[in-house]
Amino acid sequence: MPTLIIDGQEVHAQEGQTVLEAARDAGIDIPTLCYHPLLETQGSCRICTVEVIRRGRSTLQTACTYPAWDGLEIRTHSPSVIKTRQTIIGLLLSRCPDVPIIQDLGREYGVTEPLFPPEKPDEKCILCGLCVRTCHELVKADAINFSQRGIERRVGPPFLETTDQCIGCGACTIVCPTGAIDIVLEQSAVYDAKPLGPTSAIHVPSLQAVPRVPVIDTDACIRFRQAALSNGEITDACGVCQTLCEANAIDFTQQDTMVELDIGTIVVATGFAMWDPASLSQYAYGQSPNIITGLEFERLSNAGGPTGGEILLANGEKPKRVAIIHCVGSRDHNAHPYCSRICCMYALKQAHLVRDKTGADVYQFYMDMRAFGKGYEEFYERVQGEGVFMVRGKGAEVEVRPNGELRVKGENANLGIVISVDVDMVVLASAIESQPDADRVASLFGLSRSEDGFFAEAHPKLRPVETNTEGVFLAGVAQGPKDVPDTVAHAGAAASMALSLLDKGEVTISPTVSTVLTRFCTGCGKCIPVCPYTAISLGEDGKSVINAALCKGCGTCAAACPSDAIQPLHFTDDQLVGQIVGVLYE
Amino acid sequence: MAEDSRRSIIVSCIHDRAPQLMPALQAEIDRRGLAANVDLVDAGCRGLCSVGPVVLIQPENIFYASVGVEDIPELVDKTLVGAGIVERLSYHPPESHEAVCFYRDTPFYSKQLRHVMRDCGIIDPWSIDDYIAAGGYRALGTVLTRMTPEEVIGEVKKSGLRGRGGAGFSTGSKWEHTRHADGEPKYVIANGDEGDPGAFMNRSLMEGDPHSILEGMAIGAYAIGAHDGYIYVRDEYPLAVRNLAHAIEQAVEYGLLGEEILGTDFSFDLHIVRGAGAFVCGESSALMQSVEGKVGEPRPKHFHATERGLWDLPTALNNVETWANIPMIINHGADWFASFGTEGSTGTKTFCLAGSIKNSGLVEVPLGTTLREIIFDIGGGIPDGREFKAVQTGGPSGGCIPASLVDLPVDYDSLSEAGSMMGSGGLIVMNDRTCMVDLARYFLDFLKEESCGKCTPCREGIRRMLQILTDITEGRATMADLDKLETVAETVQVASLCGLGKSAPNPVLSTLRYFRDEYEAHIVDHKCPAGACKALIEYHIIAENCTGCGVCRRRCPQNAISGERKEPHVIDPTLCIKCGICRDVCKFDAVDVR
């Protein structure tokens, strides 16, 4: 292990380390600009210059490139080093007078004024080449490089023209220490349309995610994108997360897998989908980035969101007037006739947040205020007291004016007049609806759905979590709109029902189930699709088999069977005929 | 002279009149029926550029200068058919007006020691037979059949040969380190990327005697254990590229390169890499980057190229002139070689004499020869009766040596002590009309485009030094700027990434060292003592000297001069653009600069 002396301190370096790495490991600070631990060193900014004394000879060398050889003596702050760094900072400051990182270095080294009058005062690029190396070494796109020579040197794509090589990953903007690179997305409308922006390629899906581990969004990840763009030629792009992950937990080869489990009971808690307000054009959703849904507002006001929890317009300014429109898609025969139940209360909460965080005027357009739960009415009163304008009457139309401002028109039913309010943000309390694939889930589990599209419970009053399929229970909004407390209560009930079954270990079923007389069964399969409980399948012998645990003895299959091979136990044809004969005999 | 004796007529130069010379001579020789007895040789450069094209007739060594097509019939008639000399075409040294008829009597040549350039301008570079006839490839044969690699290295070390590219590292030691370094394969490279303004020694060598480089490289490759070599030539030297490529082809054909050379088990392949003409590619690490196919930018080199060079493998990189010295050392022995030059700098060195000098051209002298001998004895001194002021050695990376040090011996150590460097051998001579600030500005102006721009001190430092120097030459600078200039120069010198940057301030620092008063005159008095910086000078006519001849009036492009015939003229300073034509044309020294 090489041992060197850095600023009088004995430092043991790892084999192959540079002086900079050895010094930093020992807690000794050396300034750098063009160095990045993940990129090949280049030694071009020269700010990490240190005095190296080797075999009695003193020279100035860059710490980022100089090998930490045994027996070296390094002085990181000797007078000649300081003087050199001062001149370099003075030269850089003359090039880029307005770059904070250079100004900070200047303050540290007592260079507060540029050494020479700056030629281009808004120049930001110090030509450190971090962007070029990132694009080459990590992204492997080679979209930018240096061009020209000497004092004309600059960074850019070939011929400084837009290039297809650039995949718009933005990695160069992240490594740039001076903020000299702007990224202009060609399809920027995708991001501009909503103020919520894209998330990082690696993120935890939600703060409540279980298990709470990050996932890689392969549509955004540089490695996966490069592999896709190059048709599989470039498979080793980036990988920075893998290099940095100390737990060695990143595996790019991981794929989604199908897991097969034997289970006793099932709780269907598939939740809901947000209804898309763009389908009703009067709300102008999608026409302005400042018209957002209630869920998007939740993301905006979340501390983990794109603005860090600040409620801002798309242009980054605070809103001054906000309209919240209730019943968007709910209680509306053009969309959903039912009440989504959660909107009134979250709209009140959001009004409270807007008042609290921005002080903006808030207009609540509502038809009826359904503050039904415990403490809800009190909260409603409190929000009223906070100076929120309550407009009883449905917000009928949102207009995006030519200057980009928003105008909400609606009826004030209490006053019997039509009103119109100019605002700069509109929150649409849009409806919740059943999941788009609810029909597939229903047929899989033999569930029925009520008129509103949500799964039907076995009995609306007496069996609110059970379904007609034994062992399958419903929890939460999958069954119908619910707010959080109701969902928790409903889910608790479903869980306890499921547990009581599991605890028993066996299921008592009604003896009246159908049975297949295999002698007569031709294996035509007509019974399978008609079974509402998916209890019938074809067995190995090619004949129908009935799962007695699922069968409810409804007899549909018996009626459908062309060869009379299915008989409901205790209600066989013979028994029924016998009963009829008995009755008539008397 | 007997009629039947065989003659050679050797034409040198690629002077702009030279291309017509060869066919005209051939036609004349044919017409006179002399073809059977006369060899016409299209040879490389012979160095005396100021009187090119030159023609040498052997075996008598009759030397003709500034030969034109119209001179050919007389030349053939008198010298080839008859036995006389066309005195009109003989060389007339600038200092005397007597004709010098024979090559060996020419002062320009008689005071030189042409070892490296021994065959340049004598043999046909297109013919390997010419080279072999002149003793070529004998050294390679000796080495491959009678010497071990260690013996070769020992001999080169003993000779004291130091790198002719400028840094002056011991060639033998370099080879030894490369041979003993870990890593296979090993490489040899010849640096032919001569880029300094006013330097053309390497070019003349590559064009005029390419085989000497090939032979040296083959010997070096044998010594260090390499089987591949590269010659890096800038593409602005198309003739050098062509001649080297042809030489390689011929050598391969003759079994002197390629597989199993001369029937031994040593194989060596040579490749030409054409550089795109970046000055920085003469720097070793940038050159190797370029050979590797990367952008020609220097890389940090904490490991010597002998350990990690081309593709990070052990590499012996030498200047083409260094390689061309090798065959001589083998043929004549290390002691013979070391008997020339000084103790620390053995052998001879080629220099390009340019600038304000009578015999501009290519010279070769033993190291340790004084500047006075080179400039005055060989170069013939300063033309037009001007005074010798300084000489820039080593191109833009070198420094300026003042007239007071004219007796300085030219060797590696003396030059560095004087704040300059050997460089590849450019000598730009300046007279009293050269402004030293303007000179430094000129070199930085060159470097601002030739710096690769990779590292901050070099890129930003050169830009700012140039800015200050421009300010000084235009009368805008203050004494504080002079301090700033020194501060920046010192930082660029110590903190730059490569040799180009580290030596870039040399023109500034050396002129500051020897001509500080000139800088101060610009700043404090707003005067340019040499009368070169236009913003600070004014032309006027000294009435006592002016004869009223009117030459200046007629030549003035701005009509700024007026005066009656035979009366003193005057210059209107508001019209004058300070082009200096009046001063150049005045025969009576009547035009003065203030």
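**Exercise 1.** Are Tyr338(A) and Phe454(A) buried or exposed?

*Solution.* This is a predicted model. Buried stands for a relative accessible area under 20%. Both Tyr338(A) and Phe454(A) are buried.

**Exercise 2.** Work out how the rings of Tyr338(A) and Phe454(A) are arranged, and what their pairing ties together.

*Solution.* Begin with the distance: the two ring centres of Tyr338(A) and Phe454(A) are 5.6 Å apart. Next comes the angle, where planes over 60 degrees apart count as edge-to-face. The planes of Tyr338(A) and Phe454(A) stand at 65 degrees, so this pair is edge-to-face. Now find the places in chain A: Tyr338(A) sits in the loop between strand 13 (321–328) and helix 10 (343–358), while Phe454(A) belongs to the loop between helix 12 (438–445) and strand 21 (472–474). The pair therefore ties together parts that are 116 residues apart in sequence.

**Exercise 3.** Describe the pair of Tyr442(B) and Phe443(B), then the cover of each residue.

*Solution.* The centres of these two rings are 5.2 Å apart, with 70 degrees between the planes, and the pair is edge-to-face. For the cover, Tyr442(B) has a relative accessible area of 41% and is partly exposed, whereas Phe443(B), at 1%, is buried.

**Exercise 4.** How many aromatic pairs does the structure hold over all chains, and which residues does the cluster in chain B link?

*Solution.* Over all chains there are 22 aromatic pairs. In chain B, ring pairs join Phe63(B), Tyr91(B), Tyr103(B), Phe108(B) and Tyr109(B) into a cluster.

Terms used: Residues numbered from 1 in each chain as written. Chains lettered and ligands numbered in written order. Predicted model: local features only at pLDDT ≥ 70, side-chain atom pairs only at ≥ 80, totals over all residues. Heavy atoms only, no water. Phe/Tyr/Trp six-rings, centres within 6.5 Å; stacked < 30°, edge-to-face > 60°. Helix = DSSP H or I, 4+ residues; strand = E, 2+ residues; numbered from the N terminus. Buried < 20%, exposed > 50% of the residue type's maximum accessible area, 1.4 Å probe, protein only.
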